[in-house]
Amino acid sequence: MFIITSNKNYFCVLYKYMKINLLQYSKIANFKSGDKSDKPIVILGSSSDKDSIMSYMDLCSEVTKSLVLADKKIMHGCGTAGIMGRAYNSAKTYSKKDANGKPEQNLAIIVNPMWGDEDLENCIPIKTVNSEAERIDEFVKAADCFVIFPGSATTIQEATTLIAKNNYSKPEKRKKIILGGPEYFAPLTQQYQKLYESKLLKCSPDELFSIVDTKEEILSKINI
């Protein structure tokens, strides 16, 4: 695997971790071939700490912990702050360790150039991509279930891109998209409901995504 970049420090760090995780990457390839039992759960949301979403940061911690203890792998963007940081830390803390002592249930896809808040030491970086859009595509290839908590414009980009892919997919190919936070995501439902009523959507919004507000609701949607 080769990573081409003008940043020598970036190359050295990424090469080190990608090299030792080639075996883990080969396991991820199995996700794409239809091995649903071992597919990761993608968790997305804010990458910065904000008092306004503290309750959802706590919720993310609890959900991630429950998923990892249920033997699920977690996949994210490797941020160590905000909701992303809570997913990262819970997956790191409760994950089983691989032969290298790394938390094998804590998986990440890295964007080049890195944002600067990544911790490659305590996760399994399985791939590097060149844009947020490309990272979404890789998430879609690897996973069938997405839990999205409140975040900024990039989180909305991720949510709406995934919903659009569901809209243009056959029902049996649609991803499970779970939005955590009614007060943040209710306006999305209103927008998609308006599109549906205008016959601009192929199906109703509740066939494309669901909005929940508790750990129990999230885990139930994932069948945990």
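Visitor: What do S5, helix H6 and S6 make together?
Guide: They make a right-handed β-α-β unit. H6 covers residues 153–167. Keep in mind that this is a predicted model.

Visitor: How do S5 and S6 pair, and over how many bridges?
Guide: In the parallel sense, over 4 bridges. S6 spans residues 176–180.

Visitor: Are the side faces of S5 covered or open?
Guide: Both faces are covered. Cys145 and Val147 are buried on one side. Phe146 and Ile148 are buried on the other.

Visitor: Is Lys175 buried or exposed, and why?
Guide: Lys175 counts as buried, because its relative accessibility is 18% and the cut-off for buried is under 20%.

Visitor: What does the Lys175 side chain reach, and at what distance?
Guide: It reaches the backbone oxygen of Ala143 at 2.9 Å. The Lys175 side chain also makes a polar contact with the side chain of Asp144, at 2.8 Å.

Visitor: Which residues does Lys175 touch?
Guide: Leaving out residues up to four places away in sequence, Lys175 touches Val140, Ala143, Asp144, Phe146, Asn166 and Leu208. Phe146 is also the residue opposite Val42.

Visitor: Zoom out. What is the strand order in the sheet?
Guide: S4-S3-S2-S1-S5-S6-S7. It is an open sheet of 7 strands with parallel pairing.

Visitor: Which strands stand at the edges?
Guide: S4 (124–129) and S7 (210–212). Each has a single partner strand, so one side of each is left without a neighbour in the sheet.

Visitor: How many degrees are neighbouring strands turned against each other?
Guide: 25° on average, direction ignored.

Visitor: Over how many bridges do S6 and S7 pair?
Guide: Over 3 bridges, in the parallel sense. There, Leu179 has Ile211 in S7 as its bridge partner.

Visitor: Helices now. Which strands does H5 lie across?
Guide: S1, S2, S3, S4 and S5. H5 covers residues 132–142 and runs at about 150° to S3.

Visitor: What about H4, how many residues does it have, and how far does it reach?
Guide: H4 has 13 residues, 82–94. From first C-alpha to last it reaches 18 Å, close to the 18 Å expected at 1.5 Å a residue.

Visitor: Which H4 residues are buried?
Guide: Gly82, Ile83, Met84, Gly85, Ala87, Tyr88, Ser90 and Ala91.

Visitor: What do the buried residues of H4 pack against?
Guide: Strands S1 (41–44), S2 (74–76) and S3 (106–111), plus helix H3 (54–69).

Visitor: Switching to Gln193. Which helix is it found in?
Guide: H7, residues 182–197. Gln193 counts as partly exposed, because its relative accessibility is 29%.

Visitor: How far apart are Gln193 and Asp206?
Guide: 13 residues in sequence and 9.1 Å in space, C-alpha to C-alpha.

Visitor: Last one, the whole chain. How many helices and strands?
Guide: 8 helices and 7 strands. The protein chain has 224 residues, and 46% count as buried. Among contacts with a separation of 6 or more, 69% come from residues 24 or more positions apart.

Methods. Residues are numbered from 1 along each chain as its sequence is written. This is a predicted model: local features need pLDDT of at least 70, side-chain atom pairs count only at pLDDT 80 or more; totals for chains, interfaces and linings use all residues. Side-chain values use heavy atoms; hydrogens and water are left out. Helices (H or I, at least four residues) and strands (E, at least two) are DSSP runs, numbered from the N terminus. The expected span of a helix is 1.5 Å times one less than its number of residues. Buried means under 20% relative accessible area, exposed over 50%, partly exposed in between (1.4 Å probe, protein chains only). Contact means heavy atoms within 4.5 Å. Two strands pair if DSSP finds at least two bridges between them. A crossover is right-handed if, with the strands pointing away from the viewer, the path from the first strand over the helix to the second runs clockwise. A polar contact is a pair of N or O atoms within 3.5 Å; within protein, one must be able to donate a hydrogen and the other to accept it, and residues adjacent in sequence count only if both atoms are side-chain atoms. Axes are lines fitted to C-alpha atoms, for helices over the stretch in contact, and angles run from 0 to 180 degrees between N-to-C directions.
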